[in-house]
Amino acid sequence: MSAATIVSLPDQSTARIPRMNFLTKENGLLSWLLTGDHKRIATLYLISITFFFFIGGALAGLIRLELLTPQTTLMAADTYNKVFTMHGVIMVFFFLVPSVPATLGNFLIPMMVGARDLALPKVNLLSWYLYVIAGIMAIYTMAAGGVDTGWTFTTPLSTHYLNTHVISTGLAIFVAGFSSIFTGLNFIVTIHKMRCPGMTWFRLPLFVWANYAASILMVLGTPVLAITLVLVVLERTMHIGVFDPAFGGDPILFQHLFWFYSHPAVYIMILPGMGVISEVISTFSRKRVFGYTAVAFSSVAIAVFGFFVWAHHMFIMGISNYAALIFSLLTMLVAVPSAIKIFNWAFTLYKGSITFETPMLYAFGFMGLFTIGGLTGVFLGTTGTDIHLTETYFIVAHFHFVMVGGMLMAFLSGIHFWWPKWTGRMYPEKISQLAAVVTFIGFNFTFFPQFILGMLGMPRRYAAYPPEFQALNVFSTAGATILGIGYLLPIIYLTWSLKYGAVAGDNPWQATGLEWQTQSPPLTENFPEIPIMDHEAYDYEWLEKMQEKEVASVG
Amino acid sequence: MSEPNQPHARSDHAQSDHEQADHEHNIVSPVIYLVILLSLLVGTALTVWASFIDLGEWHIAQGITLFWNPVVALAIACTKMVLVVLFFMHVKYSTKLTKLTVGSGLFMFLVLVGMTLADYMTRAWGRW
Amino acid sequence: MSDSTAIASGAPADAHHEHPPYQRHHFETVDQQFDATNFAMWLFLLTEVMFFGGLFTAYLIMRNWYYPAFVEASHQLNIGWGTANTAVLIMSSFTMAMGVWSAEMRKKGMLVLFLSLTFVLGLAFLGIKSIEYHEKWEKHHIPGLHYSEQSFLNPASDPEVHKNYPGDKPLAPDMAAHTELYFFLYFAMTGMHALHMIIGITILGYMIYRARAGAYTTGHVTFVENFGLYWHFVDIIWIFLFPLLYLISRFPNS
């Protein structure tokens, strides 16, 4: 690792966290529980989703422990089904979907567009309360015995043949869905209507574009999941419904409606992460993002095309050959904008002044792992190969590469990048770089063997497997242990940094962007006066001129 | 745009127009509302009347038949929807953004229904 | 480096400009507030479109598969009540639009009048709906609650409907069983619609109370206008539910 760094901290002997900031403005529990301040709500979200991340992670640990042996050793097969179901439900709906939008998005978007808050602060707070209520319902479900349908709730298993807590889980996800809808709605309105003077669409940071695209998906896709869950709950209660062949219904109908949301959901999960990567790569290459327009439009393209490909999750389920053909072709199409982003980030790096601070390490990890995950998605999008690979560990590996190797790394990158802005303090660089490397190594050991397992034919969602697969499973579990350490470290040192971290100052990364031109932590109202945006995005020359002016104007 | 780093006063458009209706600079007249109301009621009567008459079918190709009753019913319903959206909901007098929003909602609805139905309808076509 | 500097100042530092009491502090102008909240309501309506969209999709497929069952089951719905309800909702859309107009014209009395009319019409709709639901309960046509296929296995056993639709043949047992699916969708769709009506009527009640206090006739029409959008949307849903559920086919020999 090069010793070069772009970090520029104020003189630690005299620097202080500004006394008036959004954290100190008001005190007391009610000032937090009834806040309208988007930054406080983001903080509340950060704490909540971290909590759920560790529950989901513990469940993952149980999965990997069970899979150390070919037989069901630790738990009965039914219990194993419950463990992987809850792992999926919690990780998807309670961690990945809200991760970047509800934390970083809430915190940053008003500042990035030059506004004092989101358009609808009360709706924002409602969104968090809905998340918490949904979370409590999910915890209740787990305590009451869990649900074992898989996070995909396939019917008629979930509506007819199981005795587990399908209804309470379905309702929990329903409520969480509305939390997501309100967040997305708020973002769209804010980005359209509350940009400061001079902030044209093409001067917005790419993080905003990415969240805008994800918000469109949230607003248009999530309601379909909501009605699907309502129908499942009704069918279970009334013993009649449209999803069970025994009543004349169609299980494929459930899957169409479920995947109509759940495919765009994966883009809801990844797009904000891609937004983070754009910001981080630009800052740590000291270079504007190559092909800004292409990256901006590709975010929207992913959102639009993402709505047309859902049945690629259903190739083997009984859809018509013609539908399979069309959806497969469209899936090829949706891969293109993602690839465009990777190319543009690579060209941003080219001839940039690259330094390797922690956010950049995570970003590099993202680029490599997301590329692998995305490419395997193309293999799965071709019907011919999908028939053999679907419902095997290949799928598991594919989505963990894009979601964990991609999205989770992007989330951690963003948290580290904006930590100084959020808390006013820097995290400790060396240990965080170590954690990033440990995570990367652990991740590859955990999930790469799963590609091989899938190709060899090991099915997913099985507690017991043929003994010839054990070696790779043991390898994978060993990797998972390393990965777990990699995720525990940030909790420890980030908490440590709240009290002992170096004072960061306004702009320790010397980044462009309106959020870096205010104090750290920011004022409740973000800016003393609404700024005027008079330069392009990622304009490092403007930043240099600003800094010269500041130096020149002292004394 | 202004030169970099030069503060300048924003136009105080906030103070100047408290007097006029502070949003739509266009208030739709009750006469139009009345016309729309009557059209909607006529449409309702029409659609009920049409459901009592067998409007026949159209054999497009072998195995594909279009029945006119549902087509007419949906056409009348869509017309009523358009009238409500344009006039009662003021979309005719709204910004391009509002019109785009309405359009994208309709589009997504059609994608959901259309692409799902396409699967069902093409199952009967069998294998290649 | 630690004191905050915006890039360039917007309004001069002393301009804490006048703004009406109903303007929230994170908005710069009243226009911005109106635009933003109006757009937000439209986006919310988009979510509602997709929400009902799932139900419509399920309905279209089931109707296609079980057409005879759907036709005969739909004859159990009273077309008089259905048409009346459609007319009631359309009227209420008119009175709601007139309410918005009254708010824009700052006529408090007319606003309260039109909002109250809308409220009453909404209640009338729900009243008619409950009469219809009660009838379904009496005839054991509520799915999952002692559902009876008798009316379809043997139409003559249901003289009330049979005399209007003498051409309805007895259905085969499996097709008769699928009439329960029709009623599942009927209750799911009209029930979801009725839930939205109830929410709307409740908010209307609150609005009438505030309107009488003059809250909406001082230039701040946002709440009324945005609620109007919601109300018209609920009307549009019914505009589609009515032909799809009631008017599948009402002519003989279908």
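A residue is called buried when its relative accessible area is under 20%, exposed when over 50%, and partly exposed in between (1.4 Å probe, protein chains only). By this rule, buried residues make up 63% of the 254 residues in chain C.

This is a predicted model, in which local features need pLDDT of at least 70 and side-chain atom pairs count only at pLDDT 80 or more, while totals for chains, interfaces and linings use all residues. Residues are numbered from 1 along each chain as its sequence is written, chains are lettered from A and ligands numbered from 1 in the order in which they are written, and side-chain values use heavy atoms, with hydrogens and water left out.

**Chain C**

Chain C has nine helices and zero strands; helices (H or I, at least four residues) and strands (E, at least two) are DSSP runs, numbered from the N terminus. The radius of gyration of chain C, taken over C-alpha atoms, is well over the value from the globule rule (2.2 Å times the number of residues to the power 0.38), so chain C is more spread out than a compact globule.

| Quantity for chain C | Value |
|---|---|
| Radius of gyration | 25 Å |
| Box of the C-alpha atoms along the principal axes | roughly 85 × 50 × 30 Å |

**Ser168(A)**

Ser168(A) lies in helix 6 (residues 166-193) of chain A. Ser168(A) is buried, with a relative accessible area of 14%. Leaving aside residues up to four places away in sequence, Ser168(A) touches Met137(A), Tyr140(A) and Thr141(A), where contact means heavy atoms within 4.5 Å.
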